[in-house]
Amino acid sequence: MAEEHESHRDPVPADSRRWAWTAVVVLIVAIVLPIAEAGLRGVVALLLVAAAGAALAVAAAYWFLTHRGVIRGAALAVTVLAPVVVIVVFAASGHLWVAIVSVLLVAVAVACGRRALRADRVSPQPEFPAVPVQHPFFVMNPRSGGGKVVRFDLQRKAEELGAEVVLLSGPQQLDVTELAEEAVERGADLLGVAGGDGTQALVAAVAAEHRLPFVVISAGTRNHFALDLGLDREDPAAGLDALRDGVELRVDLGRINGRPFVNNASFGVYAEVVRSPQYRADKTATVLQMLPDLLGEQGRPGLRAHIDTETVDGPQAVLVSNGPYAFDDLAGMGRRPRLDNGRLGVVAISVANARQAVGLFRRTHDRGLLQRTATEVVVDADVPEIPVGVDGESVMLSTPVRCTISTGALRVRVPRNRPGVRLPPPHLDSARLRKILWPN
């Protein structure tokens, strides 16, 4: 009898069920309140106004990006004025307050629903004990990140911890991969980099090949890899604590035509923009100047992306990342909660005109934004070479371009005490919520 009672025990925690029912009740209030205040016809009319304003703003934003001169100026005005007009209409009807309250209630309902599903949340990446090392070797770029190597005195601090340091300074161009290989031949048992993500990837590949621990010092400009490792980007010197009291993470390594990447590879529009000599001097002006040509009929790159067994024809942009990015968490947008799932993240954008841009917003143009994970992505084109932005650096690669991922290839050593990675909230799954509400 005891075993029979155990088998019928409700597997859903009472706390999860309370949060789920709270989400349902709050959502019902968010729906009923505006109907009670404005009537069903009034709510429908206001929703139509809001939808029309949003569609107009999206279409105008697309025209702003794809045109120059007077049309761009007019499109900018419409993009700004459309939501203002919607707010004025809501205020004039006397229903602005109830619209704001309803939106806030929906946000509360979503938060409660995610709280009910917190058991489905992504778990932190596991840590492993770090083996003591005797001969750490670091490559440091004094020009990276506006001179962070010098500003934070990284060379001296690393050498005090027993590390050999080579600076990428002087007029001659040094081969970073060759420097790392030579250090391994001399007996280096740990490799590290204080520099940009492109340099990180090159040394990381050597560390992965020799199965050596790898240390990341956040001395670059954006330090995306360091961010997703949970490192302190404000204090690069804190990364050296990995030598004193560190733990290891098993991290995947992406490869594109054999070249390593730690963050992502971009094809299409962004790759063309990064290729421009003017991009480094003035990013915003360069993007606005080039987009009309790149998004126009003559400027389309004619790409074909093969994502495992799925094919996307003619996307304007493709992003292949070393691990999928989180896109459903505004606070953690553009971050990777884990770097060890053995999957490439893929985002492909196919928007050829304003109508498709509006369809993308309304979710009727379902092929406009494609998000997938894969073990292999092959990008082909009608030309023998295409520009690719690999970890933010522009390179020309022969087509077809093949992206793969090496699972757990890197032994990344990080400080035991570090800021950590923001874990995204669980995906709001209505089917899972129904099982929590009505488990039987």
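Which residues have the most contacts inside the largest nonpolar core? They are Leu 191, Val 203, Phe 214, Phe 225, Leu 229, Val 251 and Leu 410, in a core of 36 residues. Keep in mind that this is a predicted model, where local features need pLDDT of at least 70, side-chain atom pairs count only at pLDDT 80 or more, and totals for chains, interfaces and linings use all residues. Residues are numbered from 1 along each chain as its sequence is written, and side-chain values use heavy atoms, with hydrogens and water left out.

**The cores**

- A nonpolar core here is a set of buried Ala, Val, Leu, Ile, Met, Phe, Trp, Tyr and Cys residues joined through side-chain atoms within 4.5 Å.
- Buried means under 20% relative accessible area, exposed over 50%, and partly exposed in between (1.4 Å probe, protein chains only).
- Setting aside neighbours within four places in sequence, Leu 229 is in contact with Val 216, Leu 249, Val 251, Leu 339, Val 412, Arg 418 and Val 421 (contact means heavy atoms within 4.5 Å).
- There's also a second, separate core of 26 residues, and Ile 256, Phe 267, Val 379 and Leu 397 are among them.

**The sheet**

- Six strands form an open sheet in the order E13-E12-E11-E8-E15-E16, with antiparallel pairing; two strands pair if DSSP finds at least two bridges between them.
- Strand E13 (369–374) and strand E16 (393–398) sit at the edges with a single partner strand each, so one side of each has no neighbour in the sheet.
- From one strand to the next, the twist averages 25°.
- Six bridges link strand E15 (residues 385–390) to E16 in the antiparallel sense, and Val 390 stands opposite Glu 393 in E16.

**A helix crossing**

- Helix H2 (residues 14–66) and helix H12 (residues 283–295) have axes that come within 7 Å and cross at roughly 100°.
- Axes are lines fitted to C-alpha atoms, for helices over the stretch in contact, and angles run from 0 to 180 degrees between N-to-C directions.
- That makes H2 roughly perpendicular to H12 (65 to 115 degrees).
- Here Tyr 62, Phe 64, Leu 65 and Thr 66 in H2 meet Leu 288, Leu 291, Pro 292 and Leu 295 in H12.

**Cysteines**

- The whole structure has zero disulfides, a disulfide being a pair of cysteine sulfur atoms within 2.5 Å.
- Cys 112 is buried at 6% relative accessible area, and Cys 403 is buried at 0%.

Methods: Helices (H or I, at least four residues) and strands (E, at least two) are DSSP runs, numbered from the N terminus. Angles under 35 degrees count as roughly parallel, over 145 as roughly antiparallel, 65 to 115 as roughly perpendicular and the rest as oblique.
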